[in-house]
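I opened this notebook to keep a record of what I looked up, one entry at a time. The sequence and the structure come first, and my entries follow.

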Amino acid sequence: MPRKLAAGNWKMNGLRANLTEIETLAERHADSPIDILICPPAPLIAACQGTLLDIGGQDCHPATSGAHTGDISAQMLADVGATYVITGHSERRSDHGETDAIVAAKSEAAYAAGITAVICLGETLAEREAGTTLSVIDTQLTGSVPATATVQNTVIAYEPVWAIGTGKVPTLDQIAEVHAYIRAHLNARFDDGNKMRILYGGSVKGSNAAGIFGVPHVDGALVGGASLKADDFSEIITALEAS
Ligand code: PEP
């Protein structure tokens, strides 16, 4: 069984005053049997050094250094204590025009820096309604997940775009169908594909977490809004610990 992972994506939310949320979580889940990751905004990462939780970036540039004003490299994230980085979040894909090839290049940069890429993919509402979800997922997996992916350097996050921040969640059958598809793809491509973690993301909260964590091939969650407050995220973490 892959080791479970509860990952929080703070997006562009959080100031130094909010670091107490991370401290509270670390205290509450000190002996947790699962991995707990917080991806705060980049300016807060260095201040998280010393916490018992894993800390990650929300994005990285494909290059190690150079003339890329405003960008951050995976090596820089690793240098201030990050051990993970999210790549290909749908907000990056839509706001910044990131293609599968760019997401793969960013993920390879993470590997080179020795950190784990949480590679996000998921269909839009139009794609789901058109019945093309699985082919969209297949294209994104093929294009975004590098051939050098391993169980150590890669986590996949299935995040239907229409479920992110909307309060809408796919049915458990819909989640099961996509996660089984992703698992089959990983098994076909990678020797350790059956151990690679596949997270579900999109409006996960305390009240729906246990049901989602009961779905086969759901190895954890990538959580946005409900990861900002220790009390809310703790409910989700507790459900994953019990699953
Ligand atoms: C996300 O941003 O990855 C996400 C899943 O957000 P939310 O949990 O708020 O839907």
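What volume does the second largest pocket have? Working from a predicted model, I found a volume of about 230 Å³ for the second largest pocket.

I then looked up its lining, and noted that 18 residues line the second largest pocket, with G165, S203, V204, G224 and G225 lying nearest its centre. Sorted by class, this lining holds 10 polar, five nonpolar and three charged residues.

Next I turned to the largest pocket, for which I noted a volume of about 450 Å³. I counted 20 residues in its lining, and those nearest the centre are K11, A42, Q58, D59 and R92. By class, I recorded nine nonpolar, six polar and five charged residues in the lining of the largest pocket.

My next entry concerns the strands. I followed eight of them closing into a barrel, in the order β1-β2-β3-β4-β5-β6-β7-β8, with parallel pairing; on average, and ignoring direction, neighbouring strands of this sheet are turned by 25 degrees against each other.

Helix α5 (residues 100-112) lies across β4 (84-87), β5 (116-121) and β6, and runs at about 165 degrees to β5, while helix α7 (residues 133-144) lies across β5 and β6, running at about 150 degrees to β5.

Terms used:
Residues numbered from 1 in each chain as written. Predicted model: local features only at pLDDT ≥ 70, side-chain atom pairs only at ≥ 80, totals over all residues. Heavy atoms only, no water. 1 Å grid on protein atoms, 1.4 Å probe; cavity = no way out; pocket = protein on both sides within 12 Å on 5 of 7 lines; lining within 4 Å. Points joined across faces, edges and corners; volume = space filled by probe spheres on them. Nonpolar A, V, L, I, M, F, W, Y, C, P; charged D, E, K, R; others polar. Pairing = 2+ DSSP bridges. Helix = DSSP H or I, 4+ residues; strand = E, 2+ residues; numbered from the N terminus. Axes fitted to C-alpha atoms, helices over the stretch in contact; angles between N-to-C directions. Contact = heavy atoms within 4.5 Å.
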